[in-house]
Amino acid sequence: MTGALHLLDAAEAAAAIAAGEITSETLVADCLARIEARDPEIGAWAHVDPACALAQARAADASGAGPLRGVPVGVKDIFDTRDMPTEYGSAIHRGHRPDADSACVAALRAAGAVILGKTVTTEFASPVPVGVVNPRAPDRSPGVSSSGSAAAVADHMVPLALGSQTGGSTIVPAAFCGVFGYKASLDGIDRAGLRHLRPSLDTIGVFARSVADLVLVRAAYGGAARADPDAARPAPRIGLCRTPRWEAAEPATRAALADAERALEAAGAGLIDIDLPDGFDEIEEAFRVVSTVEGAEALAFEAAHHRGALNRWIRDTIEAAAGCDAARYREAGAFADAYRRALMRIFTEIDLILTPSTPGEPSRDLVGVQISDFNRVWTLMHTPCLNLPAFRGPGGTPVGIQLVAPVGADDALLDHAAWVWARLPTG
């Protein structure tokens, strides 16, 4: 196999390595060359050690195994790595060297992956941009806080990258950068070893360039999803959900959802309009309380010892937490639990929810806090979500749509996504 190997998707690369058509070393070398050429413009990487990456690749070629044997992966710099710095996007932890990998990183290594480097995160995964450039639209936002991971995959620097989501930090960057973005169920990927954890919200995500790539990653985490869109199975039952935030949807998103609806109905999927339970619009307040309280607790050390080094958004969150007492936090948690049960009842009638990923095309605001209007509810509901980079807006920039499945149905989400993607206009 010849050509620019960095253009290979993860599934293509894994198959070529297994067949002996390429080596991990040549693939990783090509990705490193791409990073050297492009990252001065994009700014997606916080740390890359070519010697370390190539040593891992040679080891994979010599005796590697697993579904991701020899495939390079970028890791958002909030996840601990035993052989690379982990700084959490903060000057407070500059030069920090963990003793062990976070569980999600260790599982990738066990599956044969090469940890290519650490991708840029916003400070402690907050929604304040840090200057990463969107490869698909340089004058528009790449999303936050996993912008480095999304941009690295979109620019073909690496086929896979880990991210995370507290509000919309996997789905929004995936949609803005025009790649696939999978947010697991809350515990769909092991969160052990994740520092600064908001236990009710922080979820691990993955960026990729195909559904088949995400199926490989699920295999690394013990899943059994399939990537065959033509496997014998009935068309999924899909609920079209505009959510209480529909007024925020721009014409590009409204058109994308309508185009997807028409294509899937023509392919035989059963689509129905669904309304979320009464009071669901109040879930935003529950999210705010939970996020504020857990965010302040997660950064209690930094707030106590380095408050002046934190960005303004984080300081405001810590101050707001003082107004949320334990009773209010418990009430918000109970409210969220009740609506999780109500949502599960809806899922007895459907397999998937089809809903917007973002309000529209990538935002033109490169410095302000990014909005996750169509994401926070699903994060709080603990459901697995997937951005499909299926459409373009009138500005020629990416517009995604989002699939949502029941809690724990991560493999089913990817199974259905393969079917859906193959039947969309750009699938």
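Tutor: Happy to! Let us begin with the residue classes: Ala, Val, Leu, Ile, Met, Phe, Trp, Tyr, Cys and Pro count as nonpolar, Asp, Glu, Lys and Arg as charged, and the others, Gly among them, as polar. By that scheme, the lining of the largest cavity holds 7 nonpolar, 3 polar and 3 charged residues. Please keep in mind that this is a predicted model, where local features need pLDDT of at least 70 and side-chain atom pairs count only at pLDDT 80 or more, while totals for chains, interfaces and linings use all residues. Residues are numbered from 1 along each chain as its sequence is written, and side-chain values use heavy atoms, with hydrogens and water left out.

The spaces come from a 1 Å grid over the protein atoms alone: a cavity is a set of points where a 1.4 Å probe fits but cannot get out, a pocket is an open set with protein on both sides within 12 Å along at least five of seven lines, and lining residues have an atom within 4 Å of a point. Grid points are joined across faces, edges and corners, and a volume is the space filled by probe spheres set on the points.

Searching the whole structure gives 3 cavities of 30 Å³ or more. The largest cavity has a volume of about 120 Å³. Of its 13 lining residues, Ile78, Ala125, Arg195, His196 and Arg198 are the closest to the centre.

Now for the open spaces. The largest pocket has a volume of about 510 Å³. It is lined by 25 residues, and the closest to its centre are Pro127, Phe287, Trp313, Ser372 and Arg376. The largest share, 5 residues, comes from α9. By class, the lining of the largest pocket has 9 nonpolar, 11 polar and 5 charged residues.

The second largest pocket holds about 160 Å³ of space. Its lining includes Val172, Phe176 and Glu250, along with Pro359, Gly360, Glu361, Pro362 and Ser363. Asp365, Val369, Gln370 and Ile371 also belong to that lining. These residues of the second largest pocket divide into 6 nonpolar, 3 polar and 3 charged.

Conventions: Helix = DSSP H or I, 4+ residues; strand = E, 2+ residues; numbered from the N terminus.
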